[in-house]
Amino acid sequence: MNTWHLDKNYLQHLQRSEVIQNPLDPIFSILIPSSLPRKIKPEPLEILALGQRTNGRGYSLEGKSALKKLGQEAGFAIYIAQLNQNNQASS
């Protein structure tokens with residue numbers, strides 16, 4: 001069984017909302033951060049971790065861009081849901 005650890009370098013990139021691609025990683029070849037929008041810096045929420053593609057090819061630039069957009073939209077949707085929940089709780 002393979003084990004996987006999030007190293008310090010990966011963590012720093014993810015905290016800056018940067019997509020990480022490592023095609024040599026046998027478990028997760030691409031990591032896409034999802035974060036809450038903030039004025040000063042994004043607040044990391046979760047990571048979408050994908051393995052290698054079944055055809056053995058890497059992820060295209062367009063594919064990575066679309067996945068990053070998905071992570072941003074997921075973070076924004078969670079942010080809106082939290083705002084709505086806070087507004088309902090204070091009503």
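User: What makes Arg53 count as lying over the face of Tyr59?
Analyst: This is a predicted model. In it, Arg53 is at 6.0 Å from the ring centre of Tyr59. The distance cut-off for a charge over a ring is within 6 Å of the ring centre, and Arg53 is listed as lying over the face of Tyr59.

User: Why is the pair of Phe76 and Tyr79 called tilted?
Analyst: A search of the whole structure gives 1 aromatic pair. The ring centres of Phe76 and Tyr79 are 6.3 Å apart, and rings pair if their centres lie within 6.5 Å. Their planes stand at 35°; under 30 degrees would count as stacked and over 60 as edge-to-face.

User: Are Phe76 and Tyr79 buried, partly exposed or exposed?
Analyst: Buried means under 20% relative accessible area and exposed means over 50%. Phe76 has 46% and Tyr79 has 24%, so each is partly exposed.

User: What makes the length of H2 agree with that of a helix?
Analyst: At 1.5 Å a residue, its 30 residues should span 44 Å. The end C-alpha atoms of H2 are 44 Å apart, which agrees.

User: Which residues of H2 are buried?
Analyst: Leu67, Gly71 and Gly75 are buried in H2. Across the chain of 91 residues, 19% count as buried.

User: Why is Ser34 called buried?
Analyst: Its relative accessible area is 3%, and the cut-off for buried is under 20%. Ser34 therefore counts as buried. Ser34 is in strand S2.

User: How many cavities of 30 Å³ or more does the structure hold?
Analyst: The structure holds 1. The largest cavity has about 40 Å³ of space.

User: Which residues line the largest cavity?
Analyst: The lining is made of Ser17, Pro33, Ser35, Lys68 and Gln72. At least two of the lining residues come from strand S2 (30-36), and at least two from H2. By class, the lining has 1 nonpolar, 3 polar and 1 charged residues.

Note on methods. Residues are numbered from 1 along each chain as its sequence is written. This is a predicted model: local features need pLDDT of at least 70, side-chain atom pairs count only at pLDDT 80 or more; totals for chains, interfaces and linings use all residues. Side-chain values use heavy atoms; hydrogens and water are left out. Rings of Phe, Tyr and Trp (its six-membered ring) pair if their centres lie within 6.5 Å; planes under 30 degrees apart count as stacked, over 60 as edge-to-face and the rest as tilted. Buried means under 20% relative accessible area, exposed over 50%, partly exposed in between (1.4 Å probe, protein chains only). A charge sits over a ring if NZ of Lys or CZ of Arg is within 6 Å of the ring centre and within 35 degrees of the ring normal. On a 1 Å grid over the protein atoms alone, a cavity is a set of points where a 1.4 Å probe fits but cannot get out, and a pocket is an open set with protein on both sides within 12 Å along at least five of seven lines; lining residues have an atom within 4 Å of a point. Grid points are joined across faces, edges and corners, and a volume is the space filled by probe spheres set on the points. Helices (H or I, at least four residues) and strands (E, at least two) are DSSP runs, numbered from the N terminus. Ala, Val, Leu, Ile, Met, Phe, Trp, Tyr, Cys and Pro count as nonpolar, Asp, Glu, Lys and Arg as charged, and the others, Gly among them, as polar. The expected span of a helix is 1.5 Å times one less than its number of residues.
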